[in-house]
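Hi,

Here is the structure I promised to pass on. Have a look at it first, and then read my notes below.

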Amino acid sequence: MPRQDTAASSGTAQPTPATAVCVGESMAVLLPDRPGPLESVENFRLAVGGAESNVAGALAALGVPSAWISRVGDDGFGRRLLADVAARGVDVSAVAVDPHRPTGLYLKEVGGSTGRHHDLGPGRSRLHYHRRGSAAAALSPALLADPSAARLLAGARLLHLSGITAALSDDCLALLRALLAERRPGRLVSFDLNWRPALWRERDPAVLPPLLDAADVLLLGADEAQAAFGTGDPQALRRRFPSPATVVVKDAARVVTALDRDGTAVSEPALAVEVVEATGAGDAFAAGYLAGTLRGLDQRRRLRLGHLSAACALTAHGDQAELPPAPAVDALLAASAEDWAATRVSADGIVSPALPAIAILSATAPLPAGGGPSATESLPATAAPPTTAATQPTIAGPAAGTAARPRPATDPRPAPSPALGAP
């Protein structure tokens with residue numbers, strides 16, 4: 001049995017100390033087996049979703065040792081959350097199991113063409129939340145005194161937070177304020193707005209700007225910022241939040257701009273993507289950008305790694321997907337502007353003139369978390385037959401002998417409705 005109201009003892013904690021720690025809520029998710037109103041659905045599939053745990057999982061996939069800190073109920077949904085997040089390589093040793101409060105839950109309703117009165121219609125979806133009084137809503141500054149959490153926080157080079165936590169309860173808001181006030185040399189704090197209007201209907205969003213301005217790296221969706229602050233313009237947002245070292249503004253599927261405190265601005269267009277499912281893309285972009293920051297990449301390469309990581313989420317069913325092999329990532333990060341613009345990403349693979357002759361590779365090696373500019377540092381390159389003049393360089397699907405699965409794509413846009421990974 002897990003220890004109650006203390007860190008969960010799952011036996012899956014990473015032997016490597018966590019470089020990145022993500023703090024916030026995750027929930028169980030019920031996904032319908034068919035489109036149409038909820039009363040017409042016969043079966044639901046159980047999954048899990050959460051912005052901060054998604055970022056932790058994507059960072060782990062990028063080779064950054066990561067941990068997720070939260071609270072779950074002492075119930076089947078909580079055990080599923082712990083198991084799924086730990087299976088992504090994330091340290092969950094500081095997740096508390098609450099014997100009195102349940103794990104949060106939400107259901108996804110998908111519109112269709114059933115003709116029923118309450119059908120949302122094709123291409124539309126709605127999320128139904130059951131999170132009031134959840135275990136995660138009881139997160140508070142008491143977390144800082146928990147030995148497991150304190151150990152992880154003390155050793156982290158990156159602390160990742162989001163605006164979702166601030167909306168859950170007064171105690172959650174107090175925790176964010178305490179974490180942001182506890183500045184430590186050598187540790188970056190990133191903050192993703194993750195604007196969720198439904199969460200703020202009974203709370204005052206005026207608490208958000210001071211939290212955002214206290215971060216080192218601030219991540220904003222232009223559409224979210226427009227809804228929350230009245231502008232999605234990168235320069236206006238940079239003026240609105242003068243303190244962060246970098247403000248990153250994601251303009252849907254078009255472009256992302258990073259604006260440093262010294263006035264430097266770098267914009268990088270999104271790749272062309274055939275979207276399979278727009279879930280978790282914003283979290284994946286955050287993980288890619290932050291992994292590039294930890295590795296000391298220049299600003300353009302950080303943005304490109306964010307785009308590429310988001311693409312994996314966009315071309316896969318669910319929130320998590322693998323990146324292409326490290327040599328291909330290196331080639332795409334270093335591509336000319338023309339080759340980057342000509343790159344196309346779909347579930348079948350990546351087609352780009354920037355890819356090297358060794359393009360057909362197995363996508364099993366994680367990217368390193370270390371501080372070099374190369375994504376392939378310390379990773380062996382696997383040779384493949386050279387391409388010919390008639391062959392467009394491409395990253396193919398799974399390696400021979402593996403089950404077919406969707407392959408990468410990129411785009412930092414948030415889903416039209418909140419993504420499964422960011423409830």
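Start with helix 11 (residues 326-333) in this predicted model: 8 of its 8 residues are buried, so the helix is largely enclosed by the rest of the structure. Buried here means under 20% relative accessible area, exposed means over 50%, and partly exposed is in between (1.4 Å probe, protein chains only). The buried residues of helix 11 include Pro 327, Asp 330 and Leu 333. Helices (H or I, at least four residues) and strands (E, at least two) are DSSP runs, numbered from the N terminus.

A quick word on the ground rules. Residues are numbered from 1 along each chain as its sequence is written, and side-chain values use heavy atoms, with hydrogens and water left out. As this is a predicted model, local features need pLDDT of at least 70 and side-chain atom pairs count only at pLDDT 80 or more, while totals for chains, interfaces and linings use all residues.

Now the cores. A nonpolar core is a set of buried Ala, Val, Leu, Ile, Met, Phe, Trp, Tyr and Cys residues joined through side-chain atoms within 4.5 Å. The largest one has 55 residues, and Leu 59, Trp 68, Val 248, Tyr 289, Leu 303 and Leu 305 have the most contacts inside it. Helix 11 is among the elements that each supply at least two residues of this core, as are strand 1, helix 1 (51-61) and helix 10. Helix 9 gives the most, with 8 residues. Apart from this core lies another, of 46 residues, with Leu 173, Trp 200, Val 207 and Leu 259 among them. As for Trp 68, leaving aside its neighbours within four places in sequence, its contacts (heavy atoms within 4.5 Å) include Cys 22, Glu 52, Leu 82 and Val 95.

Last, the salt bridges (a side-chain nitrogen of Lys or Arg within 4 Å of a carboxyl oxygen of Asp or Glu). The count comes to 16. One of them joins Glu 25 and Arg 131 (2.6 Å, N to O), linking parts of the chain 106 residues apart. Both Glu 25 and Arg 131 are buried. In another, Arg 300 meets Glu 268 (2.4 Å, N to O), which ties helix 10 to strand 14. Arg 300 is partly exposed because its relative accessible area is 36%, whereas Glu 268, at 2%, is buried. Asp 298 also bridges to Arg 301 (2.7 Å, N to O). Finally, Arg 71, Asp 98 and Arg 101 are linked in a network of salt bridges.

Cheers
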